[in-house]
Amino acid sequence: MGLRSAAYICQRVTNAVSFILDAHYDLQIVNYLDDLAGCDVQEKAFDAYAILGEVLDNCGLEESIEKAAPPSTSMVFLGILFDTVSCTLSIKDRLEEILYLVKSWLQKERCSLRDLQSLLEKTKDILEMCGLNSSKFSSHSFRRGGATWAFHSKVPSELIQFHGDWRSDAYKVYLEFDLQDKLSFSRAMADEILN
């Protein structure tokens with residue numbers, strides 16, 4: 001990849017800042033591209049924040065005033081709200097962003113491969129944040145999930161086939177049924193046999 005990618009350059013620079021803070025000040029930060037976050041005990045937090053500012057300044061790096069946030073008990077970093085009082089992580093804003101994205105998708109008649117990849121990457125981020133293995137999900141998951149959702153919503157088979165671009169009723173292989181559905185089938189069979 002070399003140094004041609006702006007993202008790669010950002011990551012290398014913030015890696016260097018992280019190294020300087022660790023090696024010379026015994027401060028650890030988390031860095032991702034051009035985002036930096038630190039966490040320290042209350043007594044040291046303001047000093048650590050000031051040291052980070054000095055290191056950035058000494059390295060000739062301009063700190064984004066809009067993104068800079070002094071020490072507090074909560075912060076948003078990479079779309080995740082960290083709350084040290086309640087000891088929680090929240091991804092509410094990311095979920096709202098994805099819900100908005102999905103709603104806008106419902107209005108589309110077509111999409112580009114890039115649009116689909118963007119939606120998939122955001123969805124994978126949420127899955128990872130929830131502790132799920134995102135490698136098990138792909139654009140095919142939308143196709144399978146969409147067929148299941150449409151089927152349970154009583155969408156006619158012909159429309160499911162059409163929208164999924166299936167030439168046969170092969171989509172039925174992908175349908176997922178919850179335990180309640182499976183039990184209702186068994187009850188219906190039992191009722192028919194007993195009557």
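**Close-up views of a predicted model**

The structure holds 0 disulfides, a disulfide being a pair of cysteine sulfur atoms within 2.5 Å. Before we zoom in, please note that this is a predicted model, in which local features need pLDDT of at least 70 and side-chain atom pairs count only at pLDDT 80 or more, while totals for chains, interfaces and linings use all residues. Residues are numbered from 1 along each chain as its sequence is written, and side-chain values use heavy atoms, with hydrogens and water left out.

**View 1. Cys10 and Cys59, without a disulfide.** Cys10 is in no disulfide, and the nearest cysteine sulfur, that of Cys59, is 14 Å away. Buried here means under 20% relative accessible area, exposed over 50%, and partly exposed in between (1.4 Å probe, protein chains only). Cys10, at 30% relative accessibility, therefore counts as partly exposed. Cys59 counts as partly exposed too, at 38%.

View 2. Helices (H or I, at least four residues) and strands (E, at least two) are DSSP runs, numbered from the N terminus. Two strands pair if DSSP finds at least two bridges between them. The sheet has the order 3-4-5, with antiparallel pairing. Strand 3 (74-77) and strand 5 (88-90) stand at the edges with a single partner strand each, so one side of each is left without a neighbour in the sheet.

**View 3. The hairpin of strand 3 and strand 4.** These antiparallel strands are joined by 4 bridges. Val76 has Leu81 in strand 4 as its bridge partner. The hairpin has 2 residues between the strands, and Leu78 takes a positive phi near 55 degrees there.

View 4. Which residues of strand 5 face Leu81 and Asp83? Leu81 stands opposite Ser90, and Asp83 stands opposite Thr88. With 4 residues between the strands, this hairpin includes Cys87, which takes a positive phi near 55 degrees.

**View 5. Ala45 in helix 2.** Ala45 lies in helix 2 (residues 42-58) and is buried, with a relative accessible area of 14%. Not counting residues up to four places away in sequence, Ala45 touches Asp40 and Pro71 (contact means heavy atoms within 4.5 Å). Pro70 is 25 residues from Ala45 in sequence, and their C-alpha atoms are 8.7 Å apart in space.

**View 6. Thr148 in helix 5.** Thr148, in helix 5 (residues 139-152), is buried at a relative accessible area of 11%. Leaving aside neighbours within four places in sequence, Thr148 is in contact with Tyr174, Leu175 and Glu176.

View 7. In helix 6 (residues 157-164), Ile160, Gln161 and Gly164 are buried. Seen down the axis, the buried residues fall within an arc of 95 degrees, so they line one face of the helix. That arc is taken from the directions from the helix axis to the C-beta atoms. The face turned away from the buried side carries the exposed residues Glu158, Phe162 and His163. Just after helix 6, Asp165 takes a positive phi of about 60 degrees.
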